[in-house]
Amino acid sequence: ITMSVIYTHAFFALSAIPVGMYIFFTKKGTKQHRFIGRIWVSLMLIISFSALFITTPMTDKLFNPRFYSWIHLLIPFTVGNLIYSIYSIRQFKKSKLKKHKNAHIRSMVGVYIGALIVAGAFTLAPGRLMHQIVFG
């Protein structure tokens with residue numbers, strides 16, 4: 001692991017938190033919402049992609065010298081929900097069915113809470129690298 005990958009990942013994750021919060025508290029469906037939303041989705045994709053390069057050494061190096069932790073399960077969750085959110089809002093634009101708009105909202109909020117807030121909190125757990133960086 002190079003520290004630059006971790007710092008890049010952390011920078012984009014920390015940037016996505018206020019951008020997402022801004023989207024939550026501003027008017028929906030406007031050009032600004034769509035523009036900032038695209039920025040947020042891009043941030044989340046960069047976060048997901050960079051996470052692929054952050055691995056933890058295993059004790060049994062003969063079996064597998066690097067591995068992904070359970071937190072990496074959030075990568076397909078995040079990417080899948082971003083795709084589903086975009087699909088849902090496009091379906092809403094075509095059909096005007098509220099179920100599609102609600103699906104967009106639920107999946108975006110789910111990504112925000114799951115991939116940013118919960119995952120971020122777990123990275124600060126004792127024994128993890130971010131805990132050591134933040135708390136010494």
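Let's start at the surface. Met3, Tyr7, Leu124, Leu129, Ile133, Val134 and Phe135 form a nonpolar patch there, with about 610 Å² of accessible area together. Two elements give two or more residues to this patch: helix 1, residues 3-24, and helix 5, residues 129-135. Which of them gives the most? Helix 5 does, with four residues.

A word of caution before I go on. This is a predicted model.

Pick one member of the patch, Tyr7. Tyrosine 7 sits in helix 1. Is tyrosine 7 buried, exposed or partly exposed? Its relative accessible area is 46%, so tyrosine 7 is partly exposed.

Now step back to the whole chain. How many helices and strands does the protein chain have? Five helices and two strands. Follow the sequence and the pattern reads α-α-β-β-α-α-α. So much for the order; next, the dimensions. The C-alpha trace spans about 55 × 30 × 20 Å along its principal axes. The chain has 136 residues, and buried residues make up 30% of them.

Next, how the helices pack.

Take helix 1 with helix 2, residues 31-51. Their axes come within 9 Å and cross at roughly 155 degrees. Angles over 145 degrees count as roughly antiparallel. Helix 1 and helix 2 are therefore roughly antiparallel to each other. What is the handedness of this crossing of helix 1 and helix 2? It is left-handed.

Then take helix 1 with helix 4. Here the axes come within 11 Å and cross at roughly 150 degrees. By the cut-off I just gave, over 145 degrees, helix 1 and helix 4 are therefore roughly antiparallel to each other. The crossing of helix 1 and helix 4 is left-handed.

Stay on helix 1 for one more residue. Tyrosine 22 is placed in this helix. With a relative accessible area of 37%, tyrosine 22 is partly exposed. Where does lysine 93 stand relative to tyrosine 22? The two are 71 residues apart in sequence. In space, C-alpha to C-alpha, tyrosine 22 and lysine 93 are 22 Å apart.

First up, histidine 72. You will find it in the loop between strand 2, residues 66-67, and helix 3. Is histidine 72 buried or exposed? At 13% relative accessibility, histidine 72 counts as buried, because buried means under 20%. Now look for alanine 51. Histidine 72 and alanine 51 are 21 residues apart along the chain, and their C-alpha atoms are separated by 7.2 Å.

Last, lysine 96. This residue lies in the loop between helix 3, residues 74-95, and helix 4, residues 98-123. Look at its backbone. Phi of lysine 96 is near 60 degrees, a positive value in a residue other than glycine. Why does lysine 96 count as exposed? Its relative accessibility is 57%, and exposed means over 50%.

To recap. Helix 1 and helix 5 each give two or more residues to the nonpolar patch. Helix 1 is roughly antiparallel to helix 2 and roughly antiparallel to helix 4.

Notes
Residues are numbered from 1 along each chain as its sequence is written. This is a predicted model: local features need pLDDT of at least 70, side-chain atom pairs count only at pLDDT 80 or more; totals for chains, interfaces and linings use all residues. Side-chain values use heavy atoms; hydrogens and water are left out. Patches are made of residues with over 30% relative accessible area and no salt bridge: like charges are joined within 9 Å, nonpolar side chains (Val, Leu, Ile, Met, Phe, Trp, Tyr) within 5 Å. Accessible areas come from the Shrake-Rupley method with a 1.4 Å probe; for residues, only the protein chains shown count as cover. A salt bridge is a side-chain nitrogen of Lys or Arg within 4 Å of a carboxyl oxygen of Asp or Glu. Buried means under 20% relative accessible area, exposed over 50%, partly exposed in between (1.4 Å probe, protein chains only). Axes are lines fitted to C-alpha atoms, for helices over the stretch in contact, and angles run from 0 to 180 degrees between N-to-C directions. Angles under 35 degrees count as roughly parallel, over 145 as roughly antiparallel, 65 to 115 as roughly perpendicular and the rest as oblique. A crossing is left-handed if the near helix is turned anticlockwise from the far one by less than a right angle, and right-handed if clockwise.
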